[in-house]
Every structure is written in structure tokens, then in C-alpha cells.
Amino acid sequence: MSEHLSSNDLLPIGQVAARAGVPVSTVRYYETLGLIPAVRSNGNVRLFPRHVLRRIALIQVSVRYGISLAEVAELLKDLPDSRPPTRAEWSAISATWGEHLARQQAVLERMQAELTGCIGCGCLSQTRCAVVNSDDRLRSDGSGPRRVLEP
Ligand code: FES
């Protein structure tokens, strides 16, 4: 291996886990879900191209901000396994991710705005509930905090 590290270097699972800051079981799980590519050595050892570290980082941040693994899988499904994704490919993901984060942010902002008022959860415990959710009429729109979630 040359002195300089390359995004195509093949790394053993322990090294990937250590660099990504996640347990080995998490790396194995992401591979099982098809979120990250792996290859087998002649000795049948699982090896990962170094560029999977970027995917693992994105998955970790996504999950931390409420994006489910299924949504992440949908975001990553068109990325190539055999080479590092290009800037354009990441830009496409960034655009979709941006839309999702904007929706999340809108929900959080509504929650913050309504925290002292009625969030439409059915508790009827706030003075404002009698005005905007009398007899819990918002339950007909569905479950959860109806005045906070997306219409
Ligand atoms: S805050 Fe729960 S129903 Fe109004």
C-alpha cells in the first residue's frame, strides 16, 4: 500500500468501526441493510472501502436528527458501491436531505411556538385547548400532536 491513504483502501471491520466511532456490530448491521458496501478477501475476510466512512458518518448524523434508517437507505440507494461517490452525487443527496431537514425544522418550530399553547395532543390540559381543540376534535385528523405535525 502506498504511503498515502486512499479512499479505495480496503479496511477491516474493526478499523472502520474505530475510525467511525461506532461498534463493529453497527458496521455489520449497516452492511446487512445494504447501506454500505463490503468485499471479501481471498481468505473470506470482510473488507470495506475507506469511502464508506463518509456514509457511516452521514447515517449517524441522520439518525441523530430523526431520519430513519429506511429513509437513509432511500437517500443512499443510488450511490455506487464500487467507487467513492462524486461531488455531484453527494449534492443530489444533500438536496433531498435538505428538504427533509427543512420539514423537521418546521415541525420543531411549530412545537416551540405552541409549547405554551395547545399542541392538539388530546390532553385538553391547557386553557387554549378549549379554544383550538374543544372536545379533542383534532383527533379526527389523526393521532399525535395535530397542531405541530405536518398537515
Ligand atoms: S395541549 Fe394537548 S390537547 Fe391541547
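Contact here means heavy atoms within 4.5 Å. The model is predicted. Not counting residues up to four places away in sequence, Leu 76 touches Leu 35, Leu 58, Ile 59, Trp 90 and Ile 93.

Leu 76 is also among the residues with the most contacts inside the largest nonpolar core, together with Val 16, Val 27, Ile 36 and Ile 56. That core has 23 residues. Helices H1, H2, H3, H4 and H5 each give two or more residues to this core. H3 supplies the largest share, five residues. In soluble globular proteins, nonpolar side chains tend to be buried together.

Helix H2 spans residues 24-32, and its buried residues include Thr 26, Val 27 and Tyr 30. Seen down the axis of H2, the buried residues fall within an arc of 100°, so they line one face of the helix. The elements that this buried set packs against are H3 and those in the table.

| Element packed against by H2 | Residues |
|---|---|
| Helix H1 | 13-20 |
| Strand S3 | 46-49 |
| Helix H4 | 69-76 |

After H2 comes Gly 34, which has a positive phi, near 80°.

Helix H3 covers residues 52-64 and contains Ser 62. Is Ser 62 buried or exposed? Ser 62 has a relative accessible area of 0%, and is therefore buried, the cut-off for buried being under 20%. Leaving aside neighbours within four places in sequence, Ser 62 is in contact with Ile 67, Val 72 and Trp 97.

Terms used. Residues are numbered from 1 along each chain as its sequence is written. This is a predicted model: local features need pLDDT of at least 70, side-chain atom pairs count only at pLDDT 80 or more; totals for chains, interfaces and linings use all residues. Side-chain values use heavy atoms; hydrogens and water are left out. Helices (H or I, at least four residues) and strands (E, at least two) are DSSP runs, numbered from the N terminus. Buried means under 20% relative accessible area, exposed over 50%, partly exposed in between (1.4 Å probe, protein chains only). The arc is that of the directions from the helix axis to the C-beta atoms. A nonpolar core is a set of buried Ala, Val, Leu, Ile, Met, Phe, Trp, Tyr and Cys residues joined through side-chain atoms within 4.5 Å.
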